[in-house]
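Student: Hi! I've just opened this one and could use a hand finding my way around. Can we go through it together?
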Amino acid sequence: MSDCCFCAFCQNAAANFVGNLFGEIFNPISKPIILVLKCDNNVDYLKNKVAELKREKEAVENFAGAVGRTGEQITPKLSDWLAGANNCIEAAEKLVPDAADAAEKLVADAEGNAKKKCFFGPCLNPKSRYQLSKKAEENSKTIDKLVNEAREFKLPLSHSPAPPIELAAPVKGFEDFYSRNDVLERIMEALQSRSSSIIGVHGMPGVGKTMLAKEIKRKAEQDKLFDVVVMALVSTNADLKNVQVEIAGGLGLDQLPTGIGRADVAERIKGKLKKMKKVLIILDDIWEPGIDLEKLGIPLRNEPKTTEGSSSREEYAECKILLTSRDSDVLSDLMGSQQNFPLHKLEFEEAWELLKNIVGDRAESDDLRGTAIDIVRECGGLPLAITTMAKALKNKEPYQWRVALRKLRKPSAKNFHGMPAEVYSAIEVSYSHLETEELQKTFLLCCLMGHKASIQDLLKYGVGLGLFANTIEEARDEVSTLISKLRASSLLIDDSDNNRFDMHDLIHDVAVSITSRDRHGLLLTSDHVPKEWSDMETMKKFQWIWLQKANINELPDEFECPQLTLFSFG
């Protein structure tokens, strides 16, 4: 054992011995002695605490920066904490060189025999060791207090609309093809130009508009083009309040009072935008008759600058708006977009590459390649159709691929306005390939619950219907597993939200059709009251009836539905 190691060992042993002995007899006397003997340990401990405080300080500074980017002012308490942390780090770091100097002095004194010896060899002046040790101990306690306080500042960080941006992988589902990258680059250029404030993307259903919008959001955040990027789903028969809540949440207005009206939410959004510099708001899936930006709380475009105190777009953030829609006329005529970008279907080579990326090398095998190519052609270059088919057939036998191809070539007679037949058939085939009846029924129940529905509600309905286990813990595990499988099959949108689920509009429409066709359930909405509602004989066969803001003047005096197990009215 080296002298250095032996010395440290002896000091620790002595400190423990003295602490135990004097702690029993003369506690006031033992404390200074222990501080002398534990000087090196206290200094080393302080070094570790300083490193920990620096990490916490960096995290708090990131949080403060995120708050600043949203236009909010950081609190005086947070400013005081940062000042205290800086002072503490500076004071502690002054002690560390003192300790190093003391160690060098110890060695020099020992070599020159200029100092007297204690029980365990050469000793530094006890008074110096005592002072150094005491200061190190006091600084360590101050740091512990600051570290604990730092946690309360960082708690809101996970809800911040603009957390520290890290380089992230492209959005899951966005394919790196030339046709997509070309339009992506042109849209990114338009977002950085001052010539257009409202930009539109249009294309047929299932072509990938939402995935493109998500990739634009990711890239804009990564390249730090805007202080905040917010994305909200509009969809058909949009609920203005829900869209406002999404926008408000993205801007950091998470805690809206219960029962607050749309006009008040709009004022809060406007007030927030006044405090910000550059904002991108993405509104996905706009339908006729469009949506009123002013009522959402987004200042009207091209408004002339006015006198002080009056409303003007110049008072607000540099606010870019990106819209997606199936219809270019909705973008230009109803929403006033100044620049529109069409998103076309995939070329065959890109479509074939997409299927191979999902299925793997077996797509090129002799017994599968011909059928796989025909399936790609039948999907018509639509990524949604190709993805759902490929995931459904990925591990299936060649004969199952051939059966699926025949179904694709005989699309359902069900007519959906604006839905390509190949998309309907692809989704229907994917549904039929779900491995269990439990998984199929869970998918259909999800479709009745609508967009961004609660997984907790799905759990309650499923337990009540007997789809899941009776105990809550087992049922929760089952639901998590089923949701995971549906996301993996692309029948639910694949995201990281553990509290809610969502599905593409086209998949939702097909699922509603299947639910009605197979007499599992009947969905009534504000714009759709199916003919079965007035057919009492047909109503007897339904197991589920779901009224979702339905446009119905009155309910029948009585229902004769012997198969009914679920009735939801909301």
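Student: Which ring does the charged end of Arg 377 sit over?
Tutor: Good place to begin. In this predicted model, the charged end of Arg 377 sits over the ring of Phe 348, and the distance to the ring centre is 4.3 Å. There is also Lys 278, whose charged end sits over the ring of Phe 226, 5.5 Å from its centre.

Student: Okay, and which residues of helix α13 are buried?
Tutor: Helix α13 covers residues 369-378, and its buried residues are Thr 371, Ala 372, Ile 373, Ile 375 and Val 376.

Student: What covers them?
Tutor: The cover includes three helices you can pick out by number: α12 (348-359), α14 (383-393) and α15 (398-408).

Student: And which residue with a positive phi follows α13?
Tutor: That is Gly 380, with a phi near 65°.

Student: Where do I look for Asp 285?
Tutor: Look in strand β5, residues 278-286. Asp 285 has a relative accessibility of 8%, so it counts as buried.

Student: And where does Ser 490 lie?
Tutor: Ser 490 is in the loop between α19 (472-488) and β9 (500-501). With 15% relative accessibility, Ser 490 counts as buried; the cut-off for that is under 20%.

Student: Switching to aromatics: how many aromatic pairs does a search of the whole structure find?
Tutor: One. The partners are Tyr 431 and Phe 443, with ring centres 6.0 Å apart and planes at 40°, so the pair is described as tilted.

Student: Why does 40° make the pair tilted?
Tutor: Planes under 30 degrees apart would count as stacked and those over 60 as edge-to-face, with the rest called tilted. The planes of Tyr 431 and Phe 443 are at 40°, so this pair falls into the tilted group.

Student: How do the axes of α16 and α20 cross?
Tutor: The axes of α16 and α20 (residues 505-517) come within 10 Å and cross at roughly 65°. The crossing is right-handed.

Student: Which residues make that contact?
Tutor: From α16 you have Val 423, Tyr 424, Ile 427, Glu 428 and Tyr 431, while α20 brings Leu 506, Ile 507, Val 510, Ser 513, Ile 514 and Arg 517. By type, the contact residues are eight nonpolar, one polar and two charged. Notice that Tyr 431, from the aromatic pair, turns up in this contact as well.

Student: New topic! Where is Ile 143, and is it buried or exposed?
Tutor: Ile 143 is in helix α5, residues 126-154. It counts as buried, at 0% relative accessibility.

Student: What does Ile 143 touch, leaving out residues up to four places away in sequence?
Tutor: On that basis, it touches Leu 46, Lys 49, Val 50, Leu 53 and Cys 88. Val 50 is 93 residues from Ile 143 along the chain, but their C-alpha atoms are separated by 7.2 Å.

Notes. Residues numbered from 1 in each chain as written. Predicted model: local features only at pLDDT ≥ 70, side-chain atom pairs only at ≥ 80, totals over all residues. Heavy atoms only, no water. Phe/Tyr/Trp six-rings, centres within 6.5 Å; stacked < 30°, edge-to-face > 60°. Lys NZ or Arg CZ within 6 Å of the ring centre and 35° of its normal. Axes fitted to C-alpha atoms, helices over the stretch in contact; angles between N-to-C directions. Helix = DSSP H or I, 4+ residues; strand = E, 2+ residues; numbered from the N terminus. Left-handed = near helix turned anticlockwise from the far one by under 90°. Contact = heavy atoms within 4.5 Å. Nonpolar A, V, L, I, M, F, W, Y, C, P; charged D, E, K, R; others polar. Buried < 20%, exposed > 50% of the residue type's maximum accessible area, 1.4 Å probe, protein only.
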